[in-house]
Structures are given as structure tokens and as C-alpha cells.
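Keep the model open beside you as you go through the steps.

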Amino acid sequence: MTRPLVSVLIDTYNHERFIEQAIESVFAQDFPAEDREILVVDDGSADGTPEVLRRFEPQVRVLHKPNGGQASAFNAGIPACRGEIIAFLDGDDWWAPGKLRRVVDVLAKDPDVGLVGHGILETFDDGSKRCAAPDKPERLRLDSFATARVFRLRKSYLGTSRMTMRADVAKRILPVPEALVVEADEYLFTLAAAVTDVVILPEPLTHYRVHLGNLYLGAGSNPVALRRKQRVHVALVEGLQRELPLRGVPREALECLTEIIAAEADQMRLMLDGGAPWETVQTERKIYNVLHGDAPLSHRLFRGATMLPAWILPPKWFYAARRWLASQTWYGGIRKKVLPVPSVTHVVGPEGFKT
């Protein structure tokens, strides 16, 4: 059989309501069918996902495995991909028309580019949508503190359903640590950015479905899900600290990349296990400074006032109170009108990408 140019790798777990739309969005791409294959890794689904997948065989190859999480799905699926390029898609998301041709064209034009990401359309259960996309195309590589500062604020454009990578880059990174039952994509795209150039396009080429079953977003205040996510963050930091120096990433860049991941792990630990009040203040300050480092003075003063209870309250109490307040409609309305959340810290990318 002729080797396809592109392997579309779909990882899925209990997506019986969504997987058909994901696959159909690949079939609908304006890309020659003979130049792509579709491989679905079913990570031990316990719902009707296998029955849905059977309807697409043999046009779609299906690899069934026991449930082990996203990393194990990547470790099984990536070696089975026959294409020169791997385009990743979560089973609960779907692609916009023209996505595949657009990202493949970028890779075809420049052999030094090994990873392409792009903007997304966040799609909610009520049908509403929100666009999250960079202002302009960018190109970078994880080889300095400056690019690490940009990368940590752009990484949301490189997640699974946005990520298209040369197969040889992906296979050199394997295995992904299987403790990463979620966020295995972050391990993969971060290591890829250390060994190849990354291009991020401003077009929203993926519909990212926001729903309660999303294993990454759905942790909320559920202690079991929150504990799982906290452990994943710890494992991700450990994996990056171990592997990135081996790929030539400078120490200051590594510390910059892992700072917010470690702070978010600490935040979840404080929610679950408690700790000293000063730990809450320190952790929240780190996260705020990364995400909103250039916030206006008015918001910084407001933030300081809202953090005063953190100096005296046990962390569990503080975070429970904050969750309650955030759930109140009146509070959300006041915040939106009077003092909305500031935009993410503005950092200038090292190089624009001319498309």
C-alpha cells in the first residue's frame, strides 16, 4: 500500500456522542483521500463508542486498547501512523473546513518547521462560541528565555486538536510518560518545540468542545478529578525537567516554562490538602504575574484586596469561598461591567511568520 502523506490520529474515550462528528469533519476536508489515513485509538471506551467506530471501518483504522489515558493512547497510536505528518484530533472536537490543507501547506513549504498550531473556536453546550486565537502568525523555537516566555502564553494553540507534527519528530519523543493520563499533548508539543521550529497560525481551524465530560476541563471542585489533574501537573513538570535539558533547552528557559505548571499543581494541592496561608498568597501571585503581568493598576489594587482573606484563611476555606463567589450570577455581572478580568500578558514573539 502506498504510504499516505498525512495520518490523522484521533484519540477517544467514551465519546459516543461526539466521535462521529470528529471523523466526519476529517472526511469533509478539501484534501485528497488517497493522501491521508485516519487512525482512531479507542482508549478502552465503556460506552457506545466502539459501535459508532465500526460504522466507519474500513475507511478508518481502529486500534482498541485497555483504558490507560492520553499518554498511553499516543504511545500506541503514533508508532502505528504510516504518514509523514501526524495531525492530532480529540474524539470530542472537530475540524473547520480547510484545516488539513492549511497546516500541511505550512509544513510543505519549510522543512525546518516541524510543528504547526492555530487558533480555536471554543464551542459550548448551549451552542455559543468564543474565538481564541493569536493576533498574527508567529514562529518560534524553545532555545532561550525570551522564547520560553512567549511559548508558555501561546501553548493553548498547540493542544491535541490543533497540533500537526512531522511523524519523525513525534516518534523521536516517545514514549510519553503514562502518568500523563491527560495533558500528554503538552509534553509532546513542548519537547517538539525544543527540537524543531513551531508555527502558530491565527486562523481558528478547530472547534474545541467545552463540556462536563472533558477530562481536562471537567475537574472543577470534584476531589477525585482534581487529584488526578494535580498529579498530572506534577508528573508533567518532572518529565519536562528531565527531558528538556537533554534537548538543549537552557536552564532559565526551563524554569520559565515549568513555573506556571508547578504553581497550578501547588494551587490544586492547597485546594485538596490545605497548607499555610502564605502558600496560597505565594502561589496565586506566581500565577497572576505570569497570566496578567501587565494588568492595569486598578486591577492590581482590586486583586490585592481580594487576596487579603488569603493571608489569614486556611487554603481550603479560601478556595471554597472563591468558588462560591464565582458561582454567583450577581458577582459575575458586576465583574464584567466594572472590573473585567484583564487580558493575558502581552509578549512579543521573536519572529513573525509570513504566510
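Helices (H or I, at least four residues) and strands (E, at least two) are DSSP runs, numbered from the N terminus. The model is predicted, so local features need pLDDT of at least 70, side-chain atom pairs count only at pLDDT 80 or more, and totals for chains, interfaces and linings use all residues. Residues are numbered from 1 along each chain as its sequence is written, and side-chain values use heavy atoms, with hydrogens and water left out.

**Exercise 1.** Find how many salt bridges the structure holds.

Solution. Step one: apply the criterion, a side-chain nitrogen of Lys or Arg within 4 Å of a carboxyl oxygen of Asp or Glu. Step two: the count is 23 salt bridges.

**Exercise 2.** Examine the salt bridge between aspartate 30 and arginine 101.

Solution. Step one: the closest N and O atoms of aspartate 30 and arginine 101 are 3.6 Å apart. Step two: aspartate 30 sits in the loop between helix H1 (19-27) and strand S2 (36-43), while arginine 101 is in helix H4 (residues 99-109), so the pair links distant parts of the chain, 71 residues apart. Step three: aspartate 30 is partly exposed at 41%, and arginine 101 is also partly exposed, at 35%.

**Exercise 3.** Which parts does the salt bridge of arginine 227 with aspartate 273 tie together?

Solution. Step one: the closest N and O atoms in this pair are 2.7 Å apart. Step two: arginine 227 lies in helix H8 (residues 223-243) and aspartate 273 in helix H9 (residues 251-273), so parts 46 residues apart in sequence are tied together. Step three: arginine 227 is partly exposed at 24%, and aspartate 273 is partly exposed at 45%.

**Exercise 4.** Are arginine 247 and glutamate 243 buried or partly exposed?

Solution. Step one: their side chains meet in a salt bridge (2.8 Å, N to O). Step two: arginine 247 is partly exposed at 23%, whereas glutamate 243 is buried at 17%. Elsewhere, salt bridges that share partners join Asp110, Arg139, Arg141 and Asp197 into one network.

Technical notes: Buried < 20%, exposed > 50% of the residue type's maximum accessible area, 1.4 Å probe, protein only.
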